Amino acid sequence: MKNDLKKALRWALPLAVITFVLAAIFSIASTAVLSNANVFSGTIVVLVIILIALFFDIIGVAATASSEAPFHAIASKGMKGAKFSVWLTKNADRVNTFCTDVIGDAAAIISGTAASVVVVELMALLVYNKSGVAEYIISVIVTSCVAAFTVFVKALGKGFAIKNATKIIYRVGYVMYFTEDHLHIPILKLLDKKKKKKGKKKKSAKRDV
């Protein structure tokens, strides 16, 4: 039980830190964009945030729905990006958690903030005699529309991700390959750094024994 708790904390704490950083970045960016926003630009920001969350949600679902076998076959043919796709399927739980929980939760918080800006602007446009009831009704309508649209597109996205899991993960793997090859960012080495350290510790422990 203690080992399981330690493993969970090792994975959960970095995620919490990443979520905090991403939420801060998204919040700063959205605040800067929404500082002089109107109803139209505020709505566009909300839609963009929802679509970003949808994009990562599709990747997360596709990672859990795909299997390694097709990518091993692709890798044997020497196709670029296949080894990254294998990594994504092997670490589907981590990929899914990052894409759906970290990005999804951060996006939900920011979309809520953006929706509140839309509410304020709608109040200024539609309601001349401002009252608590009118503001409450507009807030409920806007929030409900944002929630309903988010659930709707995510439901469509999940169905699409499950049906096209192999294609999606291969394309994501190819993007990772392109990033590593052209921008010289060692993605796999960075992602597998912790595993290599654990492996070294186990080997040194065996030698000591």
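Author: The second largest pocket is lined by Phe26, Ala29, Ser30, Val33, Val45, Val48, Ile49, Ile52, Ala107 and Ile110. A pocket here is an open set of points on a 1 Å grid over the protein atoms alone, where a 1.4 Å probe fits, with protein on both sides within 12 Å along at least five of seven lines; lining residues have an atom within 4 Å of a point. The model is predicted: local features need pLDDT of at least 70 and side-chain atom pairs pLDDT 80 or more, while totals for chains, interfaces and linings use all residues. Residues are numbered from 1 along each chain as its sequence is written, and side-chain values use heavy atoms, with hydrogens and water left out.

By class, nine lining residues are nonpolar, one is polar and none is charged. The pocket has a volume of about 200 Å³, taken as the space filled by probe spheres set on grid points joined across faces, edges and corners. Helix H1 (2–34), H2 and H5 each give at least two residues to the lining; helices are DSSP runs of H or I with at least four residues.

An unreviewed UniProt entry lists residues 12–34, 40–63, 106–127 and 133–153 under "transmembrane region", and such annotations may be inferred rather than shown by experiment. In the model, residues 40–63 are 100% helix and 0% strand, with end C-alpha atoms 35 Å apart. Residues 133–153 are likewise 100% helix and 0% strand, and their end C-alpha atoms lie 30 Å apart.

Notes:
Ala, Val, Leu, Ile, Met, Phe, Trp, Tyr, Cys and Pro count as nonpolar, Asp, Glu, Lys and Arg as charged, and the others, Gly among them, as polar.
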